[in-house]
Amino acid sequence: MPKSENAFSPVANRNALIVGGGIVGTTTALALQRAGWAVTLVEAEDIPRAASWGNAGHIATEQAEPIASPKMVRGFAGKLFCRGGALALPPREIGTWLPFALRLLGAARADRYARAHEALAALLAQAMPAWRRHVAALGAPELLREEGHIVLWETPNSAARGLAGWQAADTGTARFRPLTDTELDDWRARIASPIVGGIRFEGSGQIADPSQLAETALARFLADGGTRIIARVTAVGEGEVRLADGRRLSANEIVVTAGVASADLLRPFGVKAPIIAERGYHLQTGPEVDWPADLPPVVFEDRSMIVTRFAGGLRAASIVEFARAHAKPDHAKWNRLRHHIAALGLPIGEDAKPWMGARPTLPDYLPAIGRVRGVRGVSYAFGHNHLGLTLAPITGELVAGLLGGDATMVPLGSFSLERFR
């Protein structure tokens with residue numbers, strides 16, 4: 001691509017262009033701004049619809065073990081959607097998910113898993129401190145709630161297995177305790193299905209409302225001099241990007257944070273990013289709902305479903321569906337959610353709004369954070385799978401350090417896309 005004039009004014013030769021306005025792109029743009037960069041954020045849609053804004057709002061500091069693990073392989077069959085679980089492998093999408101699944105099995109080998117576990121645990125250890133810094137910089141500390149979360153079980157067998165599993169797991173900086181008899185009685189009064197046992201985590205948290213977070217972050221970005229462009233990026237070159245409408249924008253640094261679309265944008269550089277759209281589904285009521293506003297997220301582990309109270313309503317989220325990002329939603333997934341909601345007696349009615357979004361996932365369940373080797377001024381941050389919200393602020397800080405030539409607080413070698421060469 002031929003070079004073009006800068007589309008914005010550089011500040012001391014520190015101008016950056018972020019491709020993708022999800023939670024990772026937005027927090028990266030803000031982190032670069034705070035580090036003294038002039039930043040342009042290019043987002044494909046004016047209204048945020050990415051998985052960043054449709055997730056459970058849970059800051060999952062307890063998920064220090066990558067999903068691609070020997071334990072996951074052993075329990076694979078029992079998690080399939082056709083057997084009542086949340087893992088969907090649509091037959092019509094076999095050409096998409098089978099190559100990814102084979103790579104995932106390779107990543108779950110004990111030696112590779114051990115290295116990934118060490119890397120992810122180090123990253124997650126910085127997640128909550130980074131969130132505190134982020135909401136403080138936004139001037140909106142109330143957006144972060146650090147009341148932990150709850151896990152409930154509905155049968156004696158699942159309670160025994162679940163508790164033993166968490167006791168054996170690495171929960172990072174998060175800790176848990178069994179629910180008291182009084183707490184269990186409260187949940188039994190609230191839930192229609194029998195509740196046999198449960199635990200309460202401390203050290204995890206949630207966002208008070210994803211929509212408010214998106215609006216607040218954008219307002220801060222613009223108020224601090226950022227430029228936002230609504231357009232689709234079709235190509236990335238050294239120091240510039242091409243938009244679908246033919247415009248070209250240039251910058252000293254370009255950061256690709258476009259989720260599932262990132263792989264295609266980086267492919268011309270010879271970069272291999274075997275990413276898949278890991279699609280999730282949710283149903284959400286409006287704000288007037290009979291569910292205490294101060295309750296933390298609750299995981300119904302037997303159903304692989306998490307329920308979160310936001311300022312904007314009550315959301316039930318579930319499903320891991322490997323498919324193309326733009327394949328049609330499967331209404332059977334929402335029907336499964338409705339079945340669980342009815343069985344639990346949750347106050348989420350037929351008027352609840354359905355949503356489906358694509359989590360960008362790499363086979364080893366580690367994000368991709370680094371520079372494109374041998375290319376001037378192009379870096380990336382994507383592939384955060386279920387941990388996009390959790391890891392967004394620390395990712396932004398790491399990218400700001402990387403572009404500024406500073407030592408990063410977490411080594412980035414394990415997150416480089418060079419691991420897939």
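This section describes the sheets, helix packing, surface patch, loop contacts and salt bridges of a predicted model. Local features are reported at pLDDT of at least 70 and side-chain atom pairs at pLDDT 80 or more, whereas totals for chains, interfaces and linings use all residues. Residues are numbered from 1 along each chain as its sequence is written, and side-chain values use heavy atoms, with hydrogens and water left out.

Secondary structure was taken from DSSP runs: helices are H or I runs of at least four residues, strands are E runs of at least two, and both are numbered from the N terminus. Two strands count as paired if DSSP finds at least two bridges between them. Strands of a sheet pair through backbone hydrogen bonds, either parallel or antiparallel.

Six strands make up an open sheet in the order 10-2-1-14-21-20. Its pairing is mixed. Strand 10 (227-230) and strand 20 (368-371) are the edge strands, and each pairs on one side only. From one strand to the next, the twist averages 20°. Axes here are lines fitted to C-alpha atoms, for helices over the stretch in contact; angles run from 0 to 180 degrees between N-to-C directions. Strand 20 and strand 21 (residues 378-382) run antiparallel and are joined by four bridges. Within strand 21, Ser379 stands opposite Arg371.

Helix 1 (residues 23-34) lies across strand 1 (15-19), strand 2 (38-43), strand 14 (253-256) and strand 21. The angle between helix 1 and strand 2 is about 170°.

An open sheet of three strands has the order 3-9-5, with antiparallel pairing. Strand 3 (58-59) and strand 5 (144-145) stand at its edges. Each has a single partner strand, so one side of each is left without a neighbour in the sheet. Two bridges connect strand 5 with strand 9 (residues 205-207) in the antiparallel sense. Leu144 has Ile207 in strand 9 as its bridge partner.

Strand 8 (residues 197-202) pairs with strand 6 (residues 149-153) over five bridges, in the antiparallel sense. Here Ile150 is partnered by Arg200 of strand 8. Strand 8 is also joined to strand 7 (residues 175-178), by four bridges, and these two run antiparallel. In that pairing, the bridge partner of Arg175 is Glu202 in strand 8.

On the surface, a nonpolar patch is formed by Val73, Ile94, Leu98, Leu102 and Leu105. Together these residues have about 420 Å² of accessible area. Areas come from the Shrake-Rupley method with a 1.4 Å probe, and for residues only the protein chains shown count as cover. Patches consist of residues with over 30% relative accessible area and no salt bridge, joined within 9 Å for like charges and within 5 Å for nonpolar side chains (Val, Leu, Ile, Met, Phe, Trp, Tyr). Helix 4 (residues 94-107) gives the most to the patch, with four residues. Leu98, found in helix 4, is partly exposed at a relative accessible area of 37%. Buried means under 20% relative accessible area, exposed over 50%, and partly exposed in between (1.4 Å probe, protein chains only).

Pro287 sits in the loop between strand 15 (276-284) and strand 16 (298-300). Its relative accessibility is 46%, so Pro287 counts as partly exposed. Pro287 touches Arg309, Ala311, Gly312 and Gly313, with residues up to four places away in sequence not counted. Pro287 and Phe310 are 23 residues apart in sequence, but their C-alpha atoms are 7.8 Å apart in space.

Side chains of opposite charge can pair when their charged atoms come close. A salt bridge requires a side-chain nitrogen of Lys or Arg within 4 Å of a carboxyl oxygen of Asp or Glu. By this rule the model has 22 salt bridges. One joins Arg177 to Glu183 (2.8 Å, N to O). Arg177 is partly exposed, at 30% relative accessibility. Another links Asp224 and Arg220 (3.4 Å, N to O). Asp224 is partly exposed at 46%, and Arg220 is partly exposed at 29%. Asp245 and Arg247 also form a salt bridge (2.8 Å, N to O). Arg247 counts as partly exposed, at 37% relative accessibility. Arg279, Glu321, Asp330 and Lys333 are connected in a salt-bridge network.

Notes:
Contact means heavy atoms within 4.5 Å.
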